[in-house]
Amino acid sequence: MGYRRRARECALQLLYQYDLTHDGIQEILVRYWEMIEPQAQQTRDLAAVFFKNALQSRDEIDRLIREHSHNWQLERMSSVDRNILRLAVCEMLMGEESQVPVIINEALEISKRFSGDDSSPFINGVLDSIHHSIIITRPQSQEPAAERKRRGIR
């Protein structure tokens, strides 16, 4: 398994832990890394970025999920599915358009490992809908995510 997939799985577990405890970000990170098997620093760093960005953008992410998960209340979704969606939407908002198919595929693979059999089609539908809405609302002249990241802009 590549370090990016492992970072996504770790970030999912961190978000799940936050959902359950609402403890501070640093407290969750420290406790999590103490509890699991050692991970490469690259994996740990990327997982922390995903986790922190998902929490920082949580209001926007949750708004998008609510708008695109027809007939489903965010609070009634399983915590795992909700956090898989949050993580994937966070990555969509952070990343390049060309990475969206990879992000969605990774979310589906992770859902197969951590969630129920019915989760993958649901997650796929919600993420596809969100992806299309992001394409429509992004200005054509928007600078690439890598450049925004380099300049410290989200």
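Colleague: Why is tryptophan 72 called partly exposed?

Modeller: The model is a predicted one. Tryptophan 72 has a relative accessible area of 45%. Buried requires under 20% and exposed over 50%, so tryptophan 72 falls in between and is partly exposed.

Colleague: Tryptophan 72 pairs with phenylalanine 122. What makes this aromatic pair tilted?

Modeller: The planes of tryptophan 72 and phenylalanine 122 are 50° apart, with 5.3 Å centre to centre. Ring centres must lie within 6.5 Å to pair, and planes under 30 degrees apart would be stacked, over 60 edge-to-face.

Colleague: Which parts does the pair tie together?

Modeller: Tryptophan 72 lies in the loop between helix H4 (58–68) and helix H5 (79–94), whereas phenylalanine 122 belongs to helix H7 (residues 119–137). The pair therefore ties together parts that are 50 residues apart in sequence.

Colleague: Is phenylalanine 122 buried or exposed?

Modeller: Phenylalanine 122 has a relative accessibility of 19%. The cut-off for buried is under 20%, so phenylalanine 122 counts as buried.

Colleague: The structure holds two aromatic pairs. Why is the pair of tyrosine 32 and tryptophan 33 called edge-to-face?

Modeller: For tyrosine 32 and tryptophan 33 the angle between the planes is 70°, and the distance is 4.9 Å centre to centre. Edge-to-face applies over 60 degrees, so this pair is edge-to-face. Tyrosine 32 has a relative accessible area of 3% and tryptophan 33 one of 12%; with the cut-off at under 20%, tyrosine 32 is buried and tryptophan 33 is buried.

Colleague: How do you know that serine 111 is buried?

Modeller: Serine 111, in helix H6 (residues 100–114), has 0% relative accessibility. Buried means under 20%, so serine 111 counts as buried.

Colleague: What makes the pairing of the serine 111 and serine 120 side chains a polar contact?

Modeller: The two side chains are 2.7 Å apart in this contact, and the limit for a polar contact is within 3.5 Å. Serine 120 is also one of the residues that serine 111 touches, together with Ile84, Gly116, Ser119 and Ile123, not counting residues up to four places away in sequence.

Colleague: Finally, why is H1 called oblique to H3?

Modeller: The axes of helix H1 (residues 3–21) and helix H3 (residues 41–56) come within 8 Å and cross at roughly 45°. Roughly parallel requires under 35 degrees, and roughly perpendicular 65 to 115, so H1 is oblique to H3. The crossing of H1 and H3 is right-handed.

Terms used
Residues numbered from 1 in each chain as written. Predicted model: local features only at pLDDT ≥ 70, side-chain atom pairs only at ≥ 80, totals over all residues. Heavy atoms only, no water. Helix = DSSP H or I, 4+ residues; strand = E, 2+ residues; numbered from the N terminus. Buried < 20%, exposed > 50% of the residue type's maximum accessible area, 1.4 Å probe, protein only. Polar contact = N/O pair within 3.5 Å; in protein donor to acceptor, adjacent residues only side chain to side chain. Contact = heavy atoms within 4.5 Å. Phe/Tyr/Trp six-rings, centres within 6.5 Å; stacked < 30°, edge-to-face > 60°. Axes fitted to C-alpha atoms, helices over the stretch in contact; angles between N-to-C directions. Parallel < 35°, antiparallel > 145°, perpendicular 65-115°, else oblique. Left-handed = near helix turned anticlockwise from the far one by under 90°.
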